[in-house]
Amino acid sequence: MLQLVLSLIFISSAVYGQSCPNGYIRHDKSCYAVVTNPTATWPHAQAYCDGANGHLVTFETEAERSYVHNYIQNRFGPTNKYYWIGGVNYIDGSWVWMNNLTAVNLNWATGEPTRNSNEHCLLMVATEFGKYADNTCEDVSSQDTNHHPYVCEKEVS
Ligand SMILES: [Ca+2]
Ligand SMILES: [Ca+2]
């Protein structure tokens, strides 16, 4: 009996246990962390995720986008409207996920994209079903106008 219990513990820790760092949640093949404090500009948010050997979250599937959006809704409700995610349009104007340069399946929030020439970074609009908004990556003035919460992702190897 003890052996059975021990082997069950071993199996469950192998599946659910050590693969994500503290503060991350596991879903499918990735670990996610939602950072709401302090907020940051896109480059600083990306640098923070990169420092943990990850990147700003990239939604390769609709299921992944839906999972992360639902998690944010359940945990934070409508507290924050915008979250930085890992989409950029720096290269030729088309939106790609910056970690693998695959195309973003665009689903714009109301009034977006505004397509101002300096809006090269992608936000998820948490209060609008996790749809997307283009936005300036950096602060546009000396004020913290462009600091938002963000989501880091680490693929599980
Ligand atoms: Ca992903
Ligand atoms: Ca915009």
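A residue counts here as buried if 20 or more other C-beta atoms lie within 10 Å of its own, as exposed if 12 or fewer do, and as partly exposed in between, with C-beta atoms placed from the backbone. The model is a predicted one, so local features need pLDDT of at least 70 and side-chain atom pairs count only at pLDDT 80 or more, while totals for chains, interfaces and linings use all residues. Residues are numbered from 1 along each chain as its sequence is written, and chains are lettered from A and ligands numbered from 1 in the order in which they are written.

Helices (H or I, at least four residues) and strands (E, at least two) are DSSP runs, numbered from the N terminus. Strand 4 spans residues 82–88, and seven of its seven residues are buried. Tyr82, Trp84, Gly86 and Val88 point one way, with Tyr83, Ile85 and Gly87 pointing the other. In a regular strand, side chains alternate between the two faces of the sheet. Strands are taken as paired if DSSP finds at least two bridges between them. Strand 4 runs antiparallel to strand 6 (residues 121–125), and four bridges join the two; here tryptophan 84 sits opposite leucine 123. Strand 5 (residues 96–97) is also antiparallel to strand 4, through two bridges, and valine 88 faces valine 96 there.

A nonpolar core is a set of buried Ala, Val, Leu, Ile, Met, Phe, Trp, Tyr and Cys residues joined through C-beta atoms within 7 Å. The largest has 31 residues, of which Leu56, Tyr83, Trp84, Ile85, Leu123 and Val151 touch the most other members. Elements giving two or more residues to this core include strand 2 (30–40), helix 3 (62–76), strand 7 (131–135) and strand 8 (148–155). With contact meaning C-beta atoms, placed from the backbone, within 7 Å, leucine 123 touches Tyr82, Tyr83, Trp84, Ile85, Tyr132, Ala133, Asn135 and His148, leaving aside residues up to four places away in sequence.

Trp42, Ala45, Gln46 and Cys49 are buried. The buried residues of helix 2 pack against strand 2, strand 3, strand 4, strand 6 and strand 8.

Most residues other than glycine have a negative phi, and most peptide bonds are trans. The bond from asparagine 37 to proline 38 is cis, with omega near 0°, and proline 38 lies in strand 2. Another cis bond links glutamate 112 to proline 113, with omega near -5°; proline 113 belongs to the loop between strand 5 and strand 6.

Just after helix 2, asparagine 53 has a phi of about 60°. Aspartate 28, in the loop between strand 1 (25–27) and strand 2, has phi near 55° and is exposed because it has 11 C-beta neighbours inside 10 Å. Phenylalanine 129, in the loop between strand 6 and strand 7, has a phi of about 60°; with 13 other C-beta atoms within 10 Å, phenylalanine 129 is partly exposed.

Note on methods
Contact = placed C-beta atoms within 7 Å.
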